[in-house]
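Here is a short note to go with the sequence and the model. The points are numbered and can be taken one at a time.

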Amino acid sequence: MTRPARPRRLARLAAFLLLVLLPWPRPAAGQPAASAVPAPATANADGAALLASITALTAPGMDGRATGSDGNRKAQAWIEARLGALGVRPAGSAGYAVPFMFNRAGATVTGTNLVARCEGRRADAPYLVVSAHYDHLGIRNGQTYHGADDNASGVAMLLHVAARCTQTPFDHPLLLAFFDAEEAGLQGAQAFVKAPPVPAARLALNINFDMVSRSATREIFVAGPGRWPALRPILEPAVAQAPITVRFGHDTGGGQNDWTTQSDHGAFHAAGIPFVYFGVEDHPDYHKPSDTPEKIAPDFLGGVATVVLRVLDALDRASAYR
Ligand SMILES: [Zn+2]
């Protein structure tokens, strides 16, 4: 995510001051918040497998995966090896890697998207672009910004979708896009939308994962229907009776709480392509060196994976998204 930090920090400070200044009695220590949902006793297998991917992408040597760094290239190699092992083919003829250039503070920087294709049962159907950015903030002032939730979690989810697609194909063909330089302002997604591997008219929808692994209240947001109302009747039945709490929102009104432009789906939306974005509410480790894998609950992650595949199946059965 590339959410503006300052207003959110101020909001947190204001909330803290409010709490400190609140009159007694305060809730007893250790008492759960009213909205907290108890975690299931056992973590499921999907959650454990997803967490293993997140751990690999935050291992020593990945160094926060900053665009242009050795750690970023190690992350690319790891993702490519996983795609190869799954038998997912590159979208273009020259391999998964699709380099692009962008300008950062007056200097030209090269980023690298990785794009794979998963064939659908209906060859004539338009493409669903499923995406997650793999870059993060790297090393700053000697501290590694691991980016376990942001966004190793989204990459793990995208690989989970790739695995599902190879086992049981969808009707629609998928493009699996691992974007670079999201943290530099959605650069990889913008490059993809400008020069897609298939004609732009065949891109029907973007489904984007960015920060999908952590929620103290076991909540995932699904944004998009606020901007693209035709999505709502497709999504609503798909998320009913989910193992975690699913909320629609964060997609209207502009400003800080509208996430429409705050991750890669923003580039698709700007190009007139509908989007479905999965993400969690901000947490204290957002864009901090402390965004590490051991803080992730595998059962929540597994719950998100269940919701993601149900939503993908519902979107796959539908034929119009606008
Ligand atoms: Zn971010």
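**Notes on the model**

1. The axes of H4 and H8 cross at roughly 50° and come within 11 Å. That makes H4 oblique to H8, where angles under 35 degrees count as roughly parallel, over 145 as roughly antiparallel, 65 to 115 as roughly perpendicular and the rest as oblique. Axes are lines fitted to C-alpha atoms, for helices over the stretch in contact, with angles from 0 to 180 degrees between N-to-C directions. The crossing of H4 and H8 is right-handed; that is, the near helix is turned clockwise from the far one by less than a right angle, anticlockwise being left-handed. From H4, Met157, His160, Val161 and Arg164 make the contact, and from H8, Ala305, Val308, Leu309 and Leu312. Two residues are in contact if their C-beta atoms, placed from the backbone, lie within 7 Å. By class, this contact of H4 with H8 has 6 nonpolar, 1 polar and 1 charged residues. Ala, Val, Leu, Ile, Met, Phe, Trp, Tyr, Cys and Pro count as nonpolar, Asp, Glu, Lys and Arg as charged, and the others, Gly among them, as polar.

2. This is a predicted model, in which local features need pLDDT of at least 70 and side-chain atom pairs count only at pLDDT 80 or more, while totals for chains, interfaces and linings use all residues. Residues are numbered from 1 along each chain as its sequence is written.

3. The protein has 8 helices and 11 strands, taken as DSSP runs numbered from the N terminus (helices H or I, at least four residues; strands E, at least two). Of its 322 residues, 45% are buried. A residue is buried if 20 or more other C-beta atoms, placed from the backbone, lie within 10 Å of its own, exposed if 12 or fewer, and partly exposed in between. Among contacts between residues at least 6 apart in sequence, 81% join residues at least 24 apart.

4. H4 (residues 148–167) also meets H2 (residues 45–57), the axes coming within 9 Å and crossing at roughly 125°. That makes H2 oblique to H4, and H2 passes H4 in a right-handed crossing. On the H2 side the residues are Asp46, Leu50, Ser53, Ile54 and Leu57; among those they meet in H4 are Ala152, Val155, Met157 and His160. This contact has 9 nonpolar, 3 polar and 1 charged residues by class.

5. Which residues have the most contacts inside the largest nonpolar core? They are Val155, Met157, Leu158, Ala162, Leu176 and Ile220, in a core of 79 residues. H4 gives the most to this core, with 10 residues. A nonpolar core is a set of buried Ala, Val, Leu, Ile, Met, Phe, Trp, Tyr and Cys residues joined through C-beta atoms within 7 Å. Leaving aside residues up to four places away in sequence, Leu158 touches Val130, Ser131, Ala132, Leu176, Phe178 and Phe209.

6. H8 (residues 298–317) packs against H6 (residues 232–239) as well, at an angle of about 140° with the axes 9 Å apart. H6 and H8 are therefore oblique to each other, and H6 passes H8 in a right-handed crossing. The residues in contact are Ile234, Leu235, Pro237, Ala238 and Val239 of H6 with Val307, Arg310, Val311, Ala314 and Leu315 of H8. By class there are 9 nonpolar, no polar and 1 charged residues in the contact of H6 with H8.

7. Helix H5 (residues 187–194) is largely enclosed by the rest of the structure, because 7 of its 8 residues are buried. The buried ones are Gln187, Gly188, Ala189, Gln190, Ala191, Phe192 and Val193. Their cover includes strands E2 (97–104), E3 (107–118), E4 (127–133) and E7 (174–179), and helix H7 (265–270).

8. Thr2 is placed in the segment before helix H1 (5–21). Thr2 counts as partly exposed, with 18 C-beta neighbours inside 10 Å. Gln262 is 260 residues from Thr2 in sequence, yet the two are 5.3 Å apart in space, C-alpha to C-alpha. Beyond residues up to four places away in sequence, Thr2 touches Glu182, Glu183, Gly185, Gln262 and Ser263.
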